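Work through these exercises with the model open beside you. Try each task before you read its solution.

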Amino acid sequence: EIYTANFVGSVRCVSESALHLACQALWDGSISLGVVAGVNHLLDPDQYILLSKFGGLSVKGRCSTFDADADGFVRGEGGGVLLVKTLARAERDGDRIYAVIRGTAMNNNGYNETLPATSVAGQRQLLTEAYAHSGLLPNMIHYVEAHGTGTRRGDPTEAQALGEFFRPGRTRPLHIGSVKTNIGHLEGAAGMAGLIKVILAMQHRQLPPSLHFRRPNPNIPFDTLKLH
């Protein structure tokens with residue numbers, strides 16, 4: 001059975017960028033097989049100081065993505081590996097196919113005033129480029145695995161970009177979530193963690209809940225943006 005996924009790559013995560021480059025190389029014939037991985041270990045205590053100074057880390061020790069009490073993220077450790085081939089070769093080789101990646105894109109997210117203050121326009125541009133090659137319309141999408149760090153400025157900005165892009169022509173709200181609430185922010189491996197979550201969710205036909213969500217962030221107009 002083939003489970004179909006759509007994936008958007010971003011330079012904010014090393015593993016997402018690696019997957020984007022591997023897919024591009026497969027599509028243009030430069031390679032016939034790719035091994036894409038992302039691993040994060042917390043070895044340098046100085047990073048905690050840096051992240052605390054710009055307000056990235058949660059004081060309460062929880063990542064409460066899209067919640068009113070969101071105050072930052074929690075760092076996490078982990079890793080994941082994907083073996084990627086063209087669909088035709090995977091079928092010919094008799095492989096078990098976990099997901100089909102229909103399109104990827106990568107940019108630098110536009111001008112950022114600070115690291116967590118991401119660009120709405122930059123994120124919309126990224127989505128536009130990815131879906132232009134996917135063969136899917138934005139209003140056909142049921143779920144988006146968000147970057148969802150749980151920062152005060154990052155969550156509203158990302159939600160605004162997602163709503164503006166996916167809202168036109170939509171008849172029911174778009175479900176959004178973030179694996180960071182479950183396992184923390186894996187930083188360089190965060191994109192890999194999110195993608196594996198989505199693949200597993202499709203296999204089991206169930207979306208795992210985003211933890212620590214109690215009250216919607218008042219700075220995110222969920223109803224207007226048609227997000228849930």
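**Exercise 1: an enclosed helix**

Helix H7 has 12 of its 15 residues buried, so it is largely enclosed by the rest of the structure. Helices (H or I, at least four residues) and strands (E, at least two) are DSSP runs, numbered from the N terminus. Buried means under 20% relative accessible area, exposed over 50%, and partly exposed in between (1.4 Å probe, protein chains only).

This is a predicted model: local features need pLDDT of at least 70, side-chain atom pairs count only at pLDDT 80 or more, and totals for chains, interfaces and linings use all residues. Residues are numbered from 1 along each chain as its sequence is written, and side-chain values use heavy atoms, with hydrogens and water left out.

Task: Which residues of H7 are buried, and what span is expected for H7 at 1.5 Å a residue?

Solution. 
- Step 1. List the buried residues: Ala190, Gly191, Met192, Ala193, Gly194, Leu195, Lys197, Val198, Ile199, Ala201, Met202 and Gln203.
- Step 2. Find the expected span, which is 1.5 Å times one less than the number of residues. For the 15 residues of H7 this gives 21 Å, and the helix reaches 21 Å from its first C-alpha to its last.
- Step 3. Look just past the end. Arginine 205 takes a positive phi of about 55 degrees there.

**Exercise 2: the partners of H1**

Task: Which elements do the buried residues of H1 pack against?

Solution. 
- Step 1. Locate H1 at residues 14–27. Its buried residues include Leu19, His20, Ala22 and Cys23.
- Step 2. Apply the contact rule: heavy atoms within 4.5 Å. The buried residues of H1 pack against strands E2 (34–40), E3 (78–84) and E4 (100–101), and against helix H7 (190–204).
- Step 3. Check what follows. Glycine 29 comes after H1 and has a positive phi, near 85 degrees.

**Exercise 3: two polar side chains**

Solution. 
- Step 1. Recall the rule. A polar contact is a pair of N or O atoms within 3.5 Å; within protein, one must be able to donate a hydrogen and the other to accept it, and residues adjacent in sequence count only if both atoms are side-chain atoms.
- Step 2. Find the partners. Histidine 20 is joined at 2.6 Å, and glutamine 24 at 3.4 Å.

Now take lysine 60. Where does it lie, and which side chains does its side chain contact?

- Step 1. Lysine 60 is in the loop between helix H2 (46–53) and E3. With 38% relative accessibility, it counts as partly exposed.
- Step 2. Its side chain makes polar contacts with serine 64 (3.3 Å) and aspartate 71 (2.9 Å).

**Exercise 4: the cores**

Task: Which residues touch the most other members of the largest nonpolar core?

Solution. 
- Step 1. Define the core: buried Ala, Val, Leu, Ile, Met, Phe, Trp, Tyr and Cys residues joined through side-chain atoms within 4.5 Å.
- Step 2. Among the 20 residues of the largest core, Leu162, Phe166 and Leu227 touch the most other members. H4, helix H5 (154–166) and helix H8 (222–225) each supply at least two of its residues.
- Step 3. Note a second, separate core of 13 residues, including Val36, Tyr143, Met192 and Ile199.
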